[in-house]
Amino acid sequence: MVSVKAAENTEIAIREKSADGRVIARVPIIVKSGQGMFKRDLSNQWLTLTVPLSYQPQGTINLVVTCEDRPASIDWLQFKNRPKYFAPAQTQSISPDSEGFIRRWMMLEPIKQDVQSNVIFTDSYLDKAFNKTYFKGQMTALPKAGKSEKVGTQNLKWHAWIVRTST
């Protein structure tokens, strides 16, 4: 996590040991976006941004923050060791938890939708999107982890996950 502000869209890199050291994380700072009535301008406002680490260094190291394009101001930087919410499901059977949930999911990779703004998410749009048949057997077939589905021009893959209940 980083608290940062910039006048223009830019990117910072958090590096190990030196200005050309291995990149630990890249933080895109988007302060100007959208068009027309959906235009957003957060120039020179403090933003708290969260990005995943590209690389996790070991031990105690020097950190160097570099501006990759235009300048940015940094107030603070924080690393958090958060456990992932989902973990790959194992093949052994599991019992329901204390609340009665099995917490095992089969998830298809996201279906790309060309949406420019959340203004279109009306009841009729959502009803149409959720009732659309994207692939044969989508409501009846039992998918297997690793199986591919052809959705339009996309080849999407199924993943088996189990929800981690401990924090």
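A salt bridge is a side-chain nitrogen of Lys or Arg within 4 Å of a carboxyl oxygen of Asp or Glu. Keep that in mind as we go.

This is a predicted model, where local features need pLDDT of at least 70, side-chain atom pairs count only at pLDDT 80 or more, and totals for chains, interfaces and linings use all residues. Residues are numbered from 1 along each chain as its sequence is written, and side-chain values use heavy atoms, with hydrogens and water left out.

Side chains of opposite charge can pair when their charged atoms come close. How many salt bridges does the rule give? Six. One of them joins Asp69 and Arg70, at 3.2 Å from N to O. Asp69 is exposed at 53% relative accessibility, and Arg70 is partly exposed at 38%. Here buried means under 20% relative accessible area, exposed over 50%, and partly exposed in between (1.4 Å probe, protein chains only).

Next, Glu149 and Lys147. Their closest N and O atoms are 2.9 Å apart. Glu149 is buried at 11%, whereas Lys147 is partly exposed at 39%.

Then Arg26 and Glu68, with closest N and O atoms 3.4 Å apart.

Now the rings. The whole structure holds one aromatic pair. Phe135 and Trp158 have ring centres 6.3 Å apart and planes at 80°, so they are edge-to-face. The rule: rings of Phe, Tyr and Trp (its six-membered ring) pair if their centres lie within 6.5 Å; planes under 30 degrees apart are stacked, over 60 edge-to-face, the rest tilted. Are these two residues buried or exposed? Phe135 is buried at 11%, and Trp158 is buried at 12%.
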